[in-house]
Structures are given as C-alpha cells and as structure tokens.
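Let us walk through this fold from the whole chain down to single residues. Keep the sequence and the model side by side.

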Amino acid sequence: MLTRTVILATAAGMLLAGCSSGPDGELPADAAVTYSFTDASVPPPYHRSFVLTVTAKESRIVVDSYGDVLADESLPTRPQAWDALREGYPAIAELSAEPTVEGCVGGTSFELVVAVAGEPSQELGAEVCGGAGQEFDEAVRAWISPALDQFPPIDELAPEGE
C-alpha cells in the first residue's frame, strides 16, 4: 500500500508535457491506455476498484473488491471510443496534478498509464480526497469515459453484495 501511495504521489507531481507521445502530442495508434481506479476503503460488499485497458483493437475491464475479481470483460474497441481518446489526448498530455493531501481518509485514487511499444511513455495519478484532486480527476474521467462507456456500468458488472 505504501509503495502504491508513493508511486501515485510521484506520478501526481509529473508534468506530462514533453513526455513521449506521437507527433504533436497525439496518442500513437499502437498505444495502450490503462486507467486504474482504486475505490475508497469501504466494506467488501461495496468496494469496487477496476482496471480499464484500451488499445485501438481491444478494450478490457477487470472489476475487483480487495483483490477478488468480480468481473472480467473484453470487447473490440469501438472506433468512435478510440477516436475520442486520440482527439482528447493532447489536453490530457498537458495536465499536471495538484499535490496529494496527506492524511486524508476515505478518498479514492487513480492511475493513468499510456504505453507505446509496451513501454510506459506517460504516467499520472492522484488521490482524490476532501476535494483535493477533484478537478484533475474529473478531467481524466471525462477523457477516459468514451472507453469506459463501452461497458455496462460498474454496479451492473459487479453488483454490490456479491
């Protein structure tokens, strides 16, 4: 847990402009986008974390509750979802996160990794708690939502109490 917090805190401070990407900051056609959401610390029947991985060809979501896989779905990536990621990528590539609020209890966190040719080229993440990181989180969620929206809502993929 401490290692993940350190990684997220380090990634949250990164400025993405100037990191590897395609021409003019574009999302390369061979990129793999991984968005990991870690839910707040709540009892297992309610805790839902997930990892969404998207390439131009395939999208996959794995929903878990404290390591127990509750759903694992894959499907071909819809061209309009990939196009939306490509079009919105320059704005995401220029984001920098707010500093993480230490000692905040009950928050969520996320990590976004863009890999090209299997190597991470851009990484960012943040803890969202007590209002801190909220605007940053909302911008990343708005960008990733066309890919996430290819799947049923998380509460349908992995209903509470299961």
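Contact here means heavy atoms within 4.5 Å. By that rule, 61% of the contacts in the chain with a separation of 6 or more come from residues 24 or more positions apart.

This is a predicted model, in which local features need pLDDT of at least 70 and side-chain atom pairs count only at pLDDT 80 or more, while totals for chains, interfaces and linings use all residues. Residues are numbered from 1 along each chain as its sequence is written, and side-chain values use heavy atoms, with hydrogens and water left out.

Start with the inventory. The chain holds four helices and six strands. Helices (H or I, at least four residues) and strands (E, at least two) are DSSP runs, numbered from the N terminus. Along the sequence the pattern reads α-β-β-β-β-α-β-β-α-α. The accessible surface of the chain comes to about 8,500 Å², and carbon and sulfur atoms own 54% of that surface. Accessible areas come from the Shrake-Rupley method with a 1.4 Å probe; for residues, only the protein chains shown count as cover. Of the 162 residues, 40% count as buried. Buried means under 20% relative accessible area, exposed means over 50%, and partly exposed lies in between (1.4 Å probe, protein chains only).

Now the sheet. Two strands pair if DSSP finds at least two bridges between them.

E3 and E4 pair in the antiparallel sense over eight bridges. Ser59 has Leu75 in E4 as its bridge partner. Next, E2 and E3 run antiparallel and are joined by six bridges. They form a hairpin with three residues between them. Ser49 stands opposite Asp64 in E3. E1 and E2 also run antiparallel, with five bridges. Strand E1 (residues 31-38) then pairs with strand E5 (residues 108-116) in the antiparallel sense over eight bridges. Here Ala32 has Ala115 in E5 as its bridge partner.

Now for single residues. Thr34 lies in strand E1. Thr34 counts as partly exposed because its relative accessible area is 23%. Thr34 stands opposite Thr53 in E2. Leaving aside neighbours within four places in sequence, Thr34 is in contact with Val51, Leu52, Thr53, Glu111, Leu112 and Val113. Thr34 and Ser59 are 25 residues apart in sequence and 9.7 Å apart in space, C-alpha to C-alpha.

Beyond its neighbours within four places in sequence, Ala71 is in contact with Ile61, Val62, Val63 and Leu157.

Pro90 sits in helix H2. Pro90 is partly exposed, with a relative accessible area of 29%. Pro90 and Leu27 are 63 residues apart in sequence and 7.8 Å apart in space, C-alpha to C-alpha.

Finish at Tyr66. Tyr66 is in the loop between strand E3 (58-65) and strand E4 (68-76). The hairpin of E3 and E4 has two residues between the strands, and Tyr66 takes a positive phi near 50 degrees there. Tyr66 counts as partly exposed because its relative accessibility is 44%. Val42, Tyr46 and Tyr66 form a nonpolar patch on the surface, with about 290 Å² of accessible area together. Like charges are joined within 9 Å, and nonpolar side chains (Val, Leu, Ile, Met, Phe, Trp, Tyr) within 5 Å.

How values were computed. Patch = residues over 30% accessible without salt bridge, like charges linked within 9 Å, V, L, I, M, F, W, Y side chains within 5 Å. Salt bridge = Lys/Arg side-chain N within 4 Å of Asp/Glu carboxyl O.
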